[in-house]
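Please look over the sequence and the structure shown here before reading on.

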Amino acid sequence: MAKVSFTGEQTKAIELRDKNLLVSAAAGSGKTAVLVERIIRRILDEKAGVDVDRLLIMTFTNAAAAQMREKIRNAIEEKRRLNPFNRELARQSALVHNAMITTIHGFCLNILKNHFNEVSLPPDFRIADEGEAKLLRQDALSEVLEEKYSKNSPEFIEMVEKLASGKTDRAVEDTVNRLYDFAMSYPEPEKWLEKCVQAYREIIPGPDPDSCYEALERVPLIKQYFEDIRAQIRKILEDYTELYERCLQDEGLLMYENTLNSDMEGVRRCAFAGSVRELVDNLGELDFIRFGTGAKKGGVKPSEEDKEFVRAGRDSLKGRLSSLKERFKDFDPVRECGRIAQDISCVQELTELTGEYIKRYSEKKREADIIDYSDMEHLALRVLSADNGAAADEYRELYEEVYVDEYQDSNAVQETLLKAVARDNNLFMVGDVKQSIYGFRLARPDIFIEKYNSFSEDDTGRERDIRIDLSQNFRSRREVIDAVNEIFGAVMNRANSGFDYDEKARLSFGAEGYNENGECDNRAELILAQRGDSGADAREYEALVIAERIGELMREHKVFDPDTGGLRPLRYSDIVILLRTSKGWDDVFKRVLQEKGIPVHVSTQEGYFSAWEVAVLLDFLRVIDNPRQDIPLAAVLRGPFGKMDDEELAKIRLYDKEGLLYDALVSAQRDVPKAGAFLELLGHFRSMTGDTPVYDILKEIIDGEYGIYVSALNNGAARYANLNMLLQKADDYGKTSYKGLFQFVRYVDMLNKYEVDYGEAGLLDENADVVRIMTIHKSKGLEFPVVFAAGLQKKYNYMDQRSMIVTDVDYGIGMEHVDTRLRVRAGTLIRDAISAKSIKELRAEELRILYVAMTRAKEKLILTATVKDAEKELGKLRSAEADSFLDIILYVNRKGLKNFTIRTTQPSETVRTEVEGELLRNEAYLALKEIEEGRLNLLNDASEEEQAFIDGIKKRLDYKYEAPADEESYEKFSVTELKQKHIEELLSEREGAEEPEELFPQKTEQKETVPSFISGKKTLTAGVFGTAVHRVFELWDFRKPDEQSLREFMSFIVKEGRIEGDHAKEIQLKVVSDFANSALAERMKDAYEKGALYREQPFVIELEGRIIQGIIDAFFIEDGRIVVVDYKTDRVNESTLLIERYELQLDYYAKALTILLDKPVKERIIYSTALGTAIRL
């Protein structure tokens, strides 16, 4: 194994001790390798080593935690392989299985399991299912609101009047739920709710404008709001200056010098206004003269193009100023303070309602003995704070170092938890604030930024808090690095992001291993799909342009192959298309690419509940629960359950035109056979709802005719997998505190309402050669040779920021003032200030999301967008305050993009190519049909060349395969198929072997007559049991094979999700013990420590004229030769039966390995779990 070489900064992050370290690790900088290496060195330090279970290591996801544990374990095992007799390494290898390598929630859960009594939790508490939690929240809020309505207090009624619109109070519910989420992201939710009212109480209305202005300026939120407005105006002044200087460079544009000077004078007064009053007054006086006023006559006239450029640029700047001018038009500070004072009671009522909701929801969780994820954090924090922090002291003493990965995504509660368990010099935080993209989960990048700006870069002194920057990128080619730096060096700064994209933050090229022979053009691209006035759908058109570019790349582009050190042809699996959102985009892209013959897979977590087969089944469940619902009943009757068409539905409706559809259906059942059949089916399932679990009802439906019907549809396997996912949700629901079909339908509706989606079931092999389409968020942490970042023209979503009520973690609530008497609404400074802050934060996050998208690329980065007029878009004078990714890119393009090739596509080119291709396909098809049917006869007037072409087509159409007997043979065989064929041949040759069972007689067992759901026993099928045993043997880590170690091993693989718990329980410990203590396992251990053991190895070879594929359970190299191992769980009494059954299979494995490894086979071994022994063939 090659020794990894670390850079100076990486080495510093690995070796520095007794400090709080903030490692700012840019994309592709090897942060995981650094983290693992630091931990390994910390464990194995001869002078100051610590046990691995004395380290607290927290990652962002369970998958990341499992990978981290595996990497640490592998690193320890690699050290053991080089030093097999080191007892300390052996001890650390055993300890790593119980080390606290987990998520922040996993750590909190561990605290609660050890201190449940201190927070009044039962010892058997459980984590609420997400759907169950949503239902409990809804029930709690409904109860609180019902009680409020019954009390009918004037304050509550006024609050509802102000917030609710239309006939429902949905706006009140949504606001309270949003406030709940914000409050629970704060260490002390009650204090946060109190702070929401504080901003309103700070403003004390005065009798005159001066005192009111003073009152407004004393509020930090409003003071910052006006400072941001000044900064915004100063930026507009900079853009005016740039436009002015452009005019000075062109003699023809000098005629607009006076116009721009006049504008700039007014803007300058606003930008540098000293007080809020002065700013408001100057904005009110801001005026714009007519374009071209004061121009000198007789001078050089500008071109129409240049004139339009200046006019458009000035209009854009005027527009930005006019919105500010309009906001403060007729601004009255006395009226403003009065409105804010009037809103105090409404805000107070809203926060009190939220507080009561928090308490009621908490009570319901305690009644059900459950906790949710926010409880994990808050209850753990309560444990750590109780008894003067006694528990926190224990954890600080226990953990020598605390590691936090993805630190940029922490929130305030998690930060408080970290401070509670860490010492003052043992916290290691690693992350990249440029990749903080989880604002919708209330992540607080400002926590990272505050440390980034305050921690010292000098580690030589006594400073306790040190920052280390890892900026060297080992992932991407130089062309990608240059493109990323060009964009973010121009737009990411302290003003809009909280930090500067300076030399410390810029990516530097570190992937020296790339082949730089210049054979391929790896320069980044910006493709503007110009659709003009064609009316073409923008998304379809962009997808078509991308499909054509993919076709070009597949024909001519090559990517680096690390195995050979050279270049190889591009594969579809090297390509990813990243989207800001999947909704409304990924399905269009998938369809267009597939139509162009490009294999594609959509990686999404959306769309499950809208999948047709799931939606129909859910409607059927709604009808089973209550058939007197017209819409779901009509959908079910029209589908595979009712089997009716529109005409039949119309006839049924005639039986009862005014009543419910169900009444009409009942009336029609005697005359309409389908109506009677459906009611009989419905009656059967309705009779089950009283005492049958929802899971059993669903299973009967899926196992019956509906499941067969769905399986037979196009893409039936994936559709059926979707049904099984719903079955799994029914199983999850059965473990909740809710029961019955009605509540299950509510449960699913709640998941759908709050977009707790699961994505359609995926059956794709992760190694499949397909283009992947995914959201940028889903791509985080991944990398691809070729990246398309598509849909850059999509505007940011400001819906929450522009709603009537806006919320902020720091300042609470901002609401529009509503005069319930006059029925008018007006903005307030508090609401506008919070909205402006939220918009600024959203733009900063969108900038970071673009950074994540661009840094996924290893070799080729392509940005795409659809525009109406590319030339016009490229020529616009743009603001740094972008409203889309395209705005960002084209803002940087003002001075020309140096590291991008800009390509524009004309609709005529793309559409003509597509149409011509379709016409050619249609003409060819029609011509072939005529030839096939003998209707096309060009023999008399065809040229010699045409006749040869026709004869060639006819020869192909008339072709008869020379060996028809082989038409039934497969092109590819699995070893299992060949083995089964061999067994069948043995059966046919054996005298009297009419039934397969006679060949391998087994002891007859009396079947239980008690159903498994009553007896409580669950048994695995032979196939599933065999797979489970194979999985255990594959994961066996060759630890000491005593009973205690074996039990710990089985618990560990279940806990880590490597094997299902139900499956593990079915495997007797003796089965594992026999194998672990066998001589074969000892030989495999020796090979494992030498790096010569291979488990679950797939292969595909050509042998004897056939393609043969299979998966070898295990093989190892011993004395330069191969030993093949195959595990068998057949229940047999003697080894000869296994040899007879599986010798051919082992022969194929041996031949395959001989061909692939060019080594001789030493032994072929079957390990029988039934006999507990190894059988040599």
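**A walk through the model**

I1155 lies in helix α45, which covers residues 1135-1157; helices (H or I, at least four residues) and strands (E, at least two) are DSSP runs, numbered from the N terminus. Together with L1156 and L1157, I1155 forms a nonpolar patch on the surface, with about 260 Å² of accessible area for the three together. Patches are made of residues with over 30% relative accessible area and no salt bridge, where like charges are joined within 9 Å and nonpolar side chains (Val, Leu, Ile, Met, Phe, Trp, Tyr) within 5 Å. Accessible areas come from the Shrake-Rupley method with a 1.4 Å probe, and for residues only the protein chains shown count as cover.

This is a predicted model, in which local features need pLDDT of at least 70 and side-chain atom pairs count only at pLDDT 80 or more, while totals for chains, interfaces and linings use all residues. Residues are numbered from 1 along each chain as its sequence is written, and side-chain values use heavy atoms, with hydrogens and water left out.

The protein as a whole has 45 helices and 29 strands. Of its 1177 residues, 48% count as buried, where buried means under 20% relative accessible area, exposed over 50%, and partly exposed in between (1.4 Å probe, protein chains only). Among contacts (heavy atoms within 4.5 Å) between residues at least 6 apart in sequence, 75% join residues at least 24 apart. G1057 lies in the loop between α41 (1043-1055) and α42 (1061-1065), and it is exposed, with a relative accessible area of 57%.

Helix α14 can be checked by its length. Its 24 residues (304-327) should span 34 Å at 1.5 Å a residue, and the end C-alpha atoms are 34 Å apart, which agrees; the expected span is 1.5 Å times one less than the number of residues. The buried residues of α14 are D306, V310, G313, R314, L317, R320, L321 and L324, and what covers them includes α11 (220-248), α12 (257-271) and α13 (276-285). R320 is also linked with K235, E238, D239, E242 and R894 in a network of salt bridges.

Side chains of opposite charge can pair when their charged atoms come close. A salt bridge is a side-chain nitrogen of Lys or Arg within 4 Å of a carboxyl oxygen of Asp or Glu, and the structure holds 107 of them. In one of these, K365 pairs with D375, the closest N and O atoms being 2.7 Å apart. K365 lies in helix α15 (residues 333-367) and D375 in helix α16 (residues 373-398), so the pair ties together parts that are 10 residues apart in sequence. K365 is buried at a relative accessible area of 2%, and D375 counts as buried at 7%. Within α16 itself, D393 and R396 lie 3 residues apart, about one turn of the helix, and their side chains meet in a salt bridge of 2.2 Å, N to O. D393 is partly exposed, with a relative accessible area of 40%, and R396 counts as partly exposed at 24%.

How many disulfides are there? With a disulfide taken as a pair of cysteine sulfur atoms within 2.5 Å, the count comes to 0. C337 is in no disulfide, and the nearest cysteine sulfur, that of C212, is 3.9 Å away. C337 counts as buried at 0% relative accessibility.
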